[in-house]
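Good morning, and thank you for coming.

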Amino acid sequence: MSAPQLAAWDGTRNNLKEIRPLSDEEIKKDIVFREQFSEAQNRLKLFQILELNYREWTAHQRKLLTAGPRKEDDHLLFDRLMYNFLASAYGVMAHFEVSYKQRYKKDPAKLAEYKSFLRQFCETSWASAFFMDFRNYAQHFALPIGHCSRNESTHSIKISITHNAAQLVNEYSGWKRSRLTAEHGDLDLISLTEEYFQRLRIDYAAFVVKYFYPELKEIDAFYWGLTQEVREKFPGARMVFLTEKEEKKDRARISFRWSFEQPPNCVFEELGLSHAR
């Protein structure tokens, strides 16, 4: 094969369709962009770990919505899952904060910009401010889940995962970002966790991309354009690059052996980030 081919891969049917040869310019861009994507992917795996922990947290909630008796210690499981989520969220912020300060240590304006961003991040999302404080509480003082209940009736199942603000304030005084008080009452950890997760993967991720990997927008535009070209012809297929095709004839039957590469299709999503196109 003289040049790689743009192709569509249908994994469910084990089927590959050739579309056209890649141009010389596309091949050159792919070489550069694939290397840059690989570097970003390695650093941004923290966001993927965060998402995996959040999914596990929500998946166990859905389990509780299934009718029938419970044999597991759900309170213990939610403590573990919340610990994992808090640890990965802290890891995301600590990792990139340290890297940012090292990169811009001689640029006071850039350091001030991060402080301003972090202040706005907390001011516009009380859930984010709370969880940044709550992580320290759970790490050093007590287990993160205050109360966990499941009520099953004939027509519905309701679950509740909360912590009481008065208890938290009584046990720990370091609520400097959220300014938590007893008046906040019972805190719904399900909805608060969802908001914090979304703010991290949208707002915090956008800041990271802007200052660490600004080239990702151009990389995404390139591969997304090729992906759209493939999906216009074969909806639901994955965009791939066919690099080798071997034809084998056996009497009246012809079989093919393909070798193909799988470049990113949706760059930001495959990095565990949210992006509006």
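Phe85 is buried, at a relative accessible area of 0%; buried means under 20% relative accessible area, exposed over 50% and partly exposed in between, with a 1.4 Å probe and protein chains only. This is a predicted model, in which local features need pLDDT of at least 70, side-chain atom pairs count only at pLDDT 80 or more, and totals for chains, interfaces and linings use all residues. Residues are numbered from 1 along each chain as its sequence is written, and side-chain values use heavy atoms, with hydrogens and water left out.

Which residue pairs with Phe85? The partner is Phe131: the ring centres are 6.2 Å apart and the planes stand at 85 degrees, so the pair is edge-to-face. Rings of Phe, Tyr and Trp (its six-membered ring) pair if their centres lie within 6.5 Å; planes under 30 degrees apart count as stacked, over 60 as edge-to-face and the rest as tilted. Phe131 is also buried, at 1% relative accessibility. Phe85 belongs to helix H3 (residues 74–103) and Phe131 to helix H5 (residues 126–140), 46 residues apart. Helices here are DSSP runs (H or I, at least four residues), numbered from the N terminus.

Both residues are members of one aromatic cluster, which also includes Trp126, Tyr172 and Phe197.

Phe121 lies in helix H4 (residues 108–123) and Tyr204 in helix H7, 83 residues apart. Phe121 and Tyr204 are buried.

In the whole structure, the search finds 36 aromatic pairs.

Conventions:
Helix = DSSP H or I, 4+ residues; strand = E, 2+ residues; numbered from the N terminus.
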